[in-house]
Amino acid sequence: MKVVLGPASAELGEKISQLTGMEKVPVAAKAFPDGESYVRLEGNVQGEHVVVVQTTCAPQDSRLMQLAFMAAAAKRNNAKKVTAVVPYLAYARQDKIFLQGENVSIETVARMLNAAGVDELITVNVHQEKTLKQFPFPAKTLSAIPLLAEYFIQKGIKKAFALSPDKGAMYIAQQAQQVLGGEAGHLEKQRDRYTGQTSQTAQGLNVKGQTVIIFDDIISTGGTIVGAAKILREQGAAHVYTACVHALLIGDAEKRILDAGVEEIVGTDSVPSKASKVSLAPLIAEALKAL
Ligand code: R5P
């Protein structure tokens, strides 16, 4: 097996190559003056099972095109099989029709990747696991939540309260609880499908005097975490942290979260940023060794 270092995740790809001992294939990438993407595999992939590591956080569309082009280039150069490792899978939140006239975007993305040459896909904490069952090739999701929780243990924080900002993500809080050894709970979140505005409430939650870590799959605008932090402050939590797998941190999200009293934002290298304090490399390396 060889690891293709997608331009959006070259550093992560290097780490995966080191941990697995798989030879790496560098990629030359550029954007033409009109914005079109260009990639070239700088290694021989003939007869190889190729692992293309490429996240698809912003700019999502060009990163998806790069991924499709790398998969197609691998097949064109006679790779035996292409496994796409896509730590952050763009468009996964549009996994069903919410309003009439919409598209199931993630389904279209999967078909596009399949047509390009992707034979299987590994992602991390996809928004809804069931989405992957509709893909035209085998696809699985890994969970980085234990690694994130372990970060806080290493920091000396034990028995923290693991909170998910909505009921649907309670499984995330429970995974964190297994590592942290404290309590777990969730808020209730409602979203207006037209405006995108969310509101949160706490029912039967008591975190007075506790250290609380808000776990989520994604932080985008930060609105969810800011809303949760406000409730926790009102309840008298002693310390509030947040950890998420995909820290998109759009616009001034980081500042708004810190201003809301959150002491630290911890993310992974699925989205490279200064919040990327936990690497996904060991998790992905294990999954690749098991293929
Ligand atoms: C939504 O259900 C996700 O799990 C996240 O809670 C959401 O994407 C976060 O978005 P934002 O940071 O914009 O509130």
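This is a predicted model: local features need pLDDT of at least 70, side-chain atom pairs count only at pLDDT 80 or more; totals for chains, interfaces and linings use all residues.
Q: Is Met65 buried or exposed, or in between?
A: Buried means under 20% relative accessible area, exposed over 50%, and partly exposed in between (1.4 Å probe, protein chains only). Met65 has a relative accessibility of 33%. Met65 therefore counts as partly exposed.

Q: How much accessible area does the nonpolar patch with Met65 have?
A: Patches take residues with over 30% relative accessible area and no salt bridge, joining like charges within 9 Å and nonpolar side chains (Val, Leu, Ile, Met, Phe, Trp, Tyr) within 5 Å. Areas come from the Shrake-Rupley method with a 1.4 Å probe, and for residues only the protein chains shown count as cover. Met65, Phe69 and Met112 make up this surface patch, and together they have about 220 Å².

Q: Which residues form the positive surface patch?
A: Lys and Arg count as positive and Asp and Glu as negative, while His and the chain ends are not counted. Each charge is placed at NZ of Lys, CZ of Arg, CG of Asp or CD of Glu. The patch members are Arg93, Lys96, Lys130, Arg191 and Arg193.

Q: Where does Lys130 lie?
A: Lys130 is exposed, because its relative accessibility is 56%. Strand 7 covers 120–124, and strand 8 covers 139–142. Lys130 lies in the loop between strand 7 and strand 8.

Q: How many salt bridges does a search of the whole structure find?
A: Side chains of opposite charge can pair when their charged atoms come close. The test is a side-chain nitrogen of Lys or Arg within 4 Å of a carboxyl oxygen of Asp or Glu. The search gives a count of 13.

Q: How many residues apart in sequence are the parts tied together by Lys274 and Glu254?
A: These side chains meet in a salt bridge, N to O at 3.5 Å. Lys274 lies in the loop between strand 15 and strand 16 (276–278), and Glu254 lies in helix 7, so the bridge ties together two parts of the chain. Lys274 is exposed at 65%, while Glu254 is partly exposed at 30%. The sequence separation is 20 residues.

Q: About how many helical turns separate Lys255 and Asp259?
A: The two side chains form a salt bridge at 2.7 Å, N to O. Lys255 is exposed at 53%, and Asp259 is exposed at 54%. They sit four residues apart in helix 7, so their separation is about one helical turn.

Q: Which residues are joined in one salt-bridge network with Glu264?
A: Glu264 meets Lys277 in a salt bridge (3.0 Å, N to O). Glu264 lies in the loop between helix 7 and strand 15 and Lys277 in strand 16, so the pair ties together parts 13 residues apart in sequence. Glu264 is buried at 10%, whereas Lys277 is partly exposed at 37%. Through salt bridges that share partners, Glu264 is joined with Lys155 and Lys277.

Q: How far is the sulfur of Cys57 from the closest cysteine sulfur?
A: A disulfide needs two cysteine sulfur atoms within 2.5 Å, and a search of the whole structure finds zero. Cys57 is buried at 4%, and Cys244 is buried at 0%. The closest sulfur to that of Cys57 belongs to Cys244, too far for a bond, at 12 Å.

Q: What is omega of the peptide bond between Ala58 and Pro59?
A: Pro59 sits in the loop between strand 5 (49–53) and helix 2. The bond joining Ala58 and Pro59 is cis, with omega about 0°.

Q: What value is phi of Leu249 near?
A: Leu249 is in the loop between strand 14 (239–247) and helix 7. With 18% relative accessibility, Leu249 counts as buried. Its phi is positive, in a residue other than glycine, and near 45°.

Conventions
Residues are numbered from 1 along each chain as its sequence is written. Side-chain values use heavy atoms; hydrogens and water are left out.
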